[in-house]
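Look at the model below.

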Amino acid sequence: MSTQIDSLLHEDRRFPPSEEFAAQAIASAELYERASSDRLAFWAEQSRELLTWSKPFTKTLDWSNPPFATWFDDGELNVAYNCLDRHVEAGNGDRVALHWEGEPGDTRTITYAELTAEVKRAANLFTSLGVEAGDRVAIYLPMIPEAIVSMLAVARIGAVHSVVFGGFSADSLRSRIDDAEAKLVITADGGYRKGKVSALKPAVDAALASRGELPEQTTVDHVLVVRRGENEVEWTTGRDLWWHEAIAEAEPEHDAQPFPAEQPLFILYTSGTTGKPKGILHTSGGYLTQTAFTHKNVFDLHPETDVYWCTADIGWITGHSYVTYGPLANGATQVLYEGTPDAPHPGRWWEIIEKYGVSIFYTAPTAIRSFMKLGRKIPKQFDLSSLRLLGSVGEPINPEAWMWYRKIIGNKVAPIVDTWWQTETGAIMVSALPGVTSTKPGSAQVPIPGIAIDVVDDAGGAVGAGGGGLLVVTEPWPSMLRGIWGDPERFKETYWEKFWDVEGGPFYFAGDGARLDSDRDVWLLGRVDDVMNVSGHRLSTAEIESALVANEMVAESAVVGAADETTGQAVVAFVIIKESHLEQASGLADITGALRSWVGEQIGPIARPREVYLVNELPKTRSGKIMRRLLRDVAEGREVGDTTTLADTTVMQIITDKMVKST
Ligand code: 6R9
């Protein structure tokens, strides 16, 4: 079977940067020139410029033992010092670091001086609880300032955090605590979600309780509990401590000690296609270099004037790199929001943008599409004129959602950066540079300066302009994962074995399908497991979904390949109709037939869905990625598989109940 992915969609719109934007842009075309003339010297230069090293490094990359890389190996730095103290020392202590907005509308404004002071106390507190450099600390918190304080205080003492998303169950938390052998767990009584307090502490209690086949003892000595929800909690004396009481007693002064560049910084668990979650390991100097570099250049950050907002939860890599480390290393002022986009009303995000004058906004296509579904009336009630740059991450953004984002949210002028990267890559790898690149709706476009990527066939051969295949990273990069916690074999097998012996290799295999257009711009086509094979043509789910959403009636869609006797696989689409077009759609005699023909016209008869199902929800993970595996179960008439990682576990029932079928 060929790995060539047949690409049929055409997109000719181009948006060159405005002169005004280009004139003030941080990034310049020269960055590409410097990086391509000497890639390693470029990263060394960026690292020295962006970070404060306590002991300067003399080596940049050591790739003598692939796939294990070290960057800036003989240098020493303190990550928290770089995110905090040095900004205060430079006279920016009064700059706001966090505009925190609680879901019920309570707020906290925290300056760099205040954040530094809080992190110093927390560092002393963690040390007094027996946490030493190299020890692991689990963080299971809502989006409150203490989440960021905890991450930075752990980093400050050279310990390693493992943030577990607050929506995960007691079992997921337990397996992550056990795998990392965490000594300390930091949690809250509860946090606000959709107008209600959602308790967190009971999950920690359940995770640490002995039961079933679990070992009797965990490695956890203490649980620190932030008071947020004011809900009743159970208490284990000797183990549990209130954050506010303990922090008040902690010493205020704390000198940040330097640690080696390769000191582990965090573990973040991400689910693989099979087996238990992988603990992705990131270290200090290289990670902070690339997150700071990309945050500054991809988001055109002017730290004195910009108000930046990334909507990701700190439980995901986007929250680590573009809420905590990148922005704070760069001294940015940012918004941190506790709740959901629609609480207490569907305009909450736009209200927050208006309130704080947000100028740079970074979110996910799934959020954009759900706002599209509700219509432009809601954002139009707010003043969004402060926005000057928009970012997208997490999934391919289809051209229609891109255009809506630009027009309705970006006031027809804000450049959009579609950023491709992964938990494993640590930081942005492929993206336009605002002010430099002419943007294209739907394409993530070009590797950032200093990053080497390609699209290859199954044998590792470059497909070249116009070709489709697999996305690979062909050279090591500063923020690359350093391994899978406790499992070096799995690290090699999962990411490196496939392209180990190829010319110019080894290459890092990302697991994404991609194509290069005639300008060599990159188009992401979805995970390789999602690619369909219809009569020998490899079709991308992302492209057919794009075509469906380009129909004025369609708000969201998900496409899967279902087994088919004649064609091998057949295209099956799940579609949500926009609220504003429900009447029009129900007036059509054969709406699903119309949508099938539409896809046929947009990309060709081969892509025409065998079936279209109208639904009012799609199954998504908590980080907003569509779980196509479950839809494939429905399309093939099987019992629906494991739904435990869905954000809303009832959604599959709703889908199977409400499906309207046509063939
Ligand atoms: C940052 C993040 C990684 C996977 C990745 C790819 C998809 C992320 C994307 C994108 C198309 C983009 N992905 N950004 N696909 N265009 N701009 O999301 O990390 O949760 O590890 O997911 O997400 O499939 O392989 P993570």
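## Buried rings

A residue counts as buried when its relative accessible area is under 20%. The model shown here is predicted. At 16% relative accessibility, Phe509 falls under that cut-off, so Phe509 counts as buried. Phe499 is buried as well, with a relative accessible area of 0%.

These two residues form an aromatic pair. The ring centres of Phe499 and Phe509 are 5.9 Å apart. Their planes stand at 75 degrees, so the pair is edge-to-face. Phe509 belongs to strand β24 (508–516), while Phe499 sits in the loop between α17 (488–495) and β24. The two are 10 residues apart.

## Aromatic pairs and a cluster

How many aromatic pairs does the structure hold? The total is 38. One of them joins Tyr322 and Trp421, whose ring centres are 5.1 Å apart. Their planes are at 85 degrees, so this pair is edge-to-face.

Where do the partners sit in the chain? Tyr322 is in helix α12, and Trp421 is in the loop between β20 (416–418) and β21 (453–456). The pair links distant parts of the chain, 99 residues apart. Both Tyr322 and Trp421 are buried.

Some rings form a cluster. Trp63, Phe68, Trp477, Phe491, Tyr495, Trp496 and Tyr508 make up one such aromatic group.

## The ligand site

Now take the contacts one by one. A ligand nitrogen atom is 2.7 Å from a polar backbone atom of Thr419. Side chains take part too. A ligand oxygen atom lies 2.9 Å from an N or O atom in the side chain of Gln422. For Asp512, an N or O atom of the side chain is 2.6 Å from an oxygen atom of the ligand.

How much of the ligand's accessible area does the protein cover? On its own, the ligand has 530 Å² of accessible area, and the protein covers 90% of this.

## Charges over rings

Two arginines are placed over tryptophan rings. Arg227 lies over the face of Trp242, 5.8 Å from the ring centre. Arg515 lies over the face of Trp523, at 4.9 Å from the ring centre.

Key: Residues numbered from 1 in each chain as written. Predicted model: local features only at pLDDT ≥ 70, side-chain atom pairs only at ≥ 80, totals over all residues. Heavy atoms only, no water. Polar contact = N/O pair within 3.5 Å; in protein donor to acceptor, adjacent residues only side chain to side chain. Areas by Shrake-Rupley, 256 points an atom, 1.4 Å probe, with all protein chains shown as cover. Phe/Tyr/Trp six-rings, centres within 6.5 Å; stacked < 30°, edge-to-face > 60°. Helix = DSSP H or I, 4+ residues; strand = E, 2+ residues; numbered from the N terminus. Buried < 20%, exposed > 50% of the residue type's maximum accessible area, 1.4 Å probe, protein only. Lys NZ or Arg CZ within 6 Å of the ring centre and 35° of its normal.
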